[in-house]
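Hi,

Here is the structure I promised to pass on to you. Have a look at it first, then read my notes below.

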2 protein chains.
Amino acid sequence: MQNIELTGRHLIAGEWAASSGPEFRAVNPATGDRIGATYHEAGEREVARAADAARKAFQLSRAFPTHLSARLLDGIADEILAAGDPLLEVAEQETALPRPRLIGERQRTCSQLKLFATLVREGGWLDATIDRADPNRKPAPRPDVRRVNRPIGPVAIFEASNFPFAFGVCGGDTASALAAGNPVIVKAHPSHPGTAELFAGIVLRALQKLDLPPGLFSVLQGQGKQLGAMLVQNDAIEAVGFTGSLGAGRALFDLGARRPRPIPVYAEMGSLNPLVMLPGAIASGATLAQRLTESVVMGCGQFCTKPGVVLLLDSDQSRGFVGALRDRLASIGNQVLLNAGIRDKFVQQIQQLTKVAGVQTLLPPAPSGHAATTASLLQVDAATWLAREELRHETFGPGVVIVFCRDAREIRDALDAAGGNLTSTIHADRGDDATVRELLPELENIAGRVIFGDFPTGVEVGCAMVHGGPYPATTAPATTSVGAAAIRRYVRPLSYQSLPDHLLPPALQDANPLGVLRTVDSAITRDAIARPVA
Amino acid sequence: MQNIELTGRHLIAGEWAASSGPEFRAVNPATGDRIGATYHEAGEREVARAADAARKAFQLSRAFPTHLSARLLDGIADEILAAGDPLLEVAEQETALPRPRLIGERQRTCSQLKLFATLVREGGWLDATIDRADPNRKPAPRPDVRRVNRPIGPVAIFEASNFPFAFGVCGGDTASALAAGNPVIVKAHPSHPGTAELFAGIVLRALQKLDLPPGLFSVLQGQGKQLGAMLVQNDAIEAVGFTGSLGAGRALFDLGARRPRPIPVYAEMGSLNPLVMLPGAIASGATLAQRLTESVVMGCGQFCTKPGVVLLLDSDQSRGFVGALRDRLASIGNQVLLNAGIRDKFVQQIQQLTKVAGVQTLLPPAPSGHAATTASLLQVDAATWLAREELRHETFGPGVVIVFCRDAREIRDALDAAGGNLTSTIHADRGDDATVRELLPELENIAGRVIFGDFPTGVEVGCAMVHGGPYPATTAPATTSVGAAAIRRYVRPLSYQSLPDHLLPPALQDANPLGVLRTVDSAITRDAIARPVA
């Protein structure tokens, strides 16, 4: 990392800006060494500059031809690849995530940007809808009304610690917000400020190559709560995207709701991700234990979709399965978490749970080094799990809790008590069908994604994905933060009544110059239209 | 009204329930007479009963075949017509809205219900999306992921005073919430409890004829703030639809956001609806003054889309136009408003404004009778209008403010200061094109619907309508409360990963048994699909 130049500055509307707030540096979680540049907390002045620039840039970007947003997203993806090894090297040192994982995540991040570029070009997200006039309708003529989605304005996005690329400066939220034509201000995560700075440079280069307004994009560095609060409360900001803890997410949501003019705070705040394994599935024994282990320790257990609780019917077979799971988790060895704070919280939380009467500790977490721990496995019966609320909190790290249930009814009660989740999963074979049908409504009730025979880690970036779910998984169950539908967070519909053709946005003009799919008088078509005459 | 039997009771899950809260009766706004049955405020017990029943009913309705919701909506529309004159008679006495208006509104209400029935049958609202598996993808196979919109659960809906039918017990919010399969609890408006009770009976009969769970629908009567607060805070409620004042809407929004588990409160809270008239349009003089007058006094000025402020370039021609407008408004005579409280607030608010330095009173409102007033017309220059915030508050009633601007720039500033609106309107001819283009971005920025050469009153119920807009017009600018897209307020997307076909909801099954349009691998089709094999 010696050869990689980092400025320690914020990117504000095209300029590398210094600030005089408290300083901080990244820490290598594997060694505890302070690394990279010294950063200074952004303050009111930096927030105001970024917000003013974003507001001004929006007056241009709101009228961007759609292909321009698409070219920007493609350009960012190209610049990410062009940034090459230094990006991987800095991220590796700041996060302790292994190189192959980071290479995969980089690939996913670029695919995500390109997905939104394609989406923007195709124009389906515009939801262009035309109800043509009917001059002969009685008792009054029907006017021409046309609707299209428009960008909402400057968006504040909070980087997550656990996906420095895919939920980072150029991650999914940024891709969807920019796709729709919104300016973006990113609050960098203090665990990887150098990675964030490199991504800031990447976006700046992409903007410059297309000669786009630099106010479209700023990245502010900071580790305190004040910076985030100032961003959410700034009058220029129209929406917020956040991925992180329940405490931080809810605090930002509250700030957004309490503004004089409230704004939506789309917070994704993690999840228990309950996993039901019925007898027919457990028959596959060792293989299933291996796959579950891989899912639990993927990214060192720091996925928001990590299966945190596994619900089993009590039986000898189930107990055998848990033994196999224990052996595999024990063989994983040390996991270096993203920072010492996450590791400490994980170990302390598990240690608290081991003291709860009725909890059996099959594997205690053993901390080591600056931020490392071994995996943890606890076991409890459903009655205890239902009675003790603290057992139902997410543990962010390589740990999982087994809950033994007496019958399907108890599984259902446990699912119900698991609250809002990003995912719910069931493993079963055809012989379990009646039980699956009994549990399915509850699996649906509590989650944004229901999975059968697979594992929740690994969130496909596609058109059908929902990465969301009932509170407290998110603050907005009607939206997703991954996949094509994520763009809906950052648009609002606008209707035009009786506008002359030349004043309409291109997507709504009679000739359909963008060639987008439109709903015209309830039928879906790409055809040009004519205006009816009386 | 003597012959029309009213029970004075709440409808709670199929039963006509009495309560012991404070009593109230409707008042005929034309006479001040107390009329109809005596109602008692619903309390905690009634809210709990309705909410528990709704929660239970949801376990059935969430799995309704789509045609069942459609039949319910059609059934309600049929029962409304079958209810005949008594419904009109009670509404007329409770609201003082004239019979022809009520007949028109009844027609609109039935059309609205039937629109959603059609929508539900067609299934476009389901947004069914399928990303098929790719077993050969490298480095890892792509799983099968399918997404569909599902109902969100029990919805609380607050009746508006100004549209006793179209935004009433069986109004747009109810139609869209039921369409998606959600149970509904309506808080009746205390200005027309008898109308609300008749509608409650209408829905009950429709439910009974289809043998649907009575817990799907309750109507609670009350005039205090506590009832609304209890509803929004009840844990069973998943979303709230409200149409009314800014103060009440914001209070409910805050309650929804502050719950342990926050829920969306979709509040539509009225609007200034600024209307720009450029020189080319004013040339039509008298006709335009007549059309504007009709729009201002439509429903006695009690439309949330009433044009409250008209922005004109100062000129002799403009002053002539205002004179013509004054004459027409003066000729309107007495308007009976919905209740004495609304009339008093309107008259007092205008009287306050007439005292502001720089405000010219062209027509003062003259109150008379129990709830009547004449129309009001004020005139002011843009500098004063921009300086005095109270001039920019909505006046709910037959009043309009003329603002004279020096140039297009001042019109733009005035639009900007008008804040969030349901609508913004511009009247111009081809000669004004440059000015229209200059103003259009601002007209878009501040509104949910931009209108050219027409008037904002009269909200078409179609696929392209947006009845919404930036705060304070609504608490949720990304949604609409009128038109097909309103159903999106009451659904949430759910993804299914790797589910066997027989466990998927019908809309997502391979064979497409519902025959709905689906997005399959990014292409829109009604075709059945096959699952790829490795």
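S16(A) is joined to strand S17 (residues 372-373) of chain A by 2 bridges in the antiparallel sense. There you'll find A:Ser368 opposite A:Ala372 in S17(A).

Before you go further, some ground rules. This is a predicted model, where local features need pLDDT of at least 70 and side-chain atom pairs count only at pLDDT 80 or more, while totals for chains, interfaces and linings use all residues. Residues are numbered from 1 along each chain as its sequence is written, chains are lettered from A and ligands numbered from 1 in the order in which they are written, and side-chain values use heavy atoms, with hydrogens and water left out.

Now for how the two chains go together. Chain B can be laid on chain A with an RMSD of 0.0 Å, using a turn of 180° and a shift of 0.0 Å along the axis; the superposition is by least squares on the C-alpha atoms of residues with pLDDT of at least 70 in both copies. That is the relation of a two-fold axis. Which C-alpha of chain B is nearest the axis? That of B:Ala257, at 3.3 Å from it.

At the interface, 68 residues of chain B are in contact (heavy atoms within 4.5 Å) with 67 residues of chain A. Of the interface residues of chain B, 99% are also interface residues in chain A, so the copies meet through the same surface. Between them the chains bury about 5,700 Å², 53% of it on carbon and sulfur atoms. Buried area here is the accessible area (1.4 Å probe) that two parts lose on being put together, summed over both.

What else links the chains? There are 50 residue pairs in polar contact between chain B and chain A, both residues at pLDDT 80 or more. (A polar contact is a pair of N or O atoms within 3.5 Å; within protein, one must be able to donate a hydrogen and the other to accept it, and residues adjacent in sequence count only if both atoms are side-chain atoms.) Among the elements that give two or more residues to the side of chain B that touches chain A are helix H1 (44-61), helix H8 (246-258) and strand S22 (491-497) of chain B. S22(B) also pairs with strand S21 (residues 447-452) of chain A, in the parallel sense and over 3 bridges. In that pairing, A:Val450 has B:Tyr496 as its bridge partner.

The interface also has 8 salt bridges, a salt bridge being a side-chain nitrogen of Lys or Arg within 4 Å of a carboxyl oxygen of Asp or Glu. One of them joins A:Asp127 and B:Arg488 (3.8 Å, N to O). Over all chains the structure holds 67 salt bridges. Within chain A, A:Arg121 forms one with A:Asp74, with the closest N and O atoms 3.0 Å apart. A:Arg121 lies in helix H4 (residues 99-122) and A:Asp74 in helix H2 (residues 66-83) of chain A, so the pair ties together parts that are 47 residues apart in sequence.

Finally, a few backbone details in the loops. The peptide bond from A:Tyr471 to A:Pro472 is cis, with omega near 10°, and A:Pro472 is in the loop between S21 and strand S22 (491-497) of chain A.

Cheers

Definitions and conventions:
Helices (H or I, at least four residues) and strands (E, at least two) are DSSP runs, numbered from the N terminus. Two strands pair if DSSP finds at least two bridges between them.
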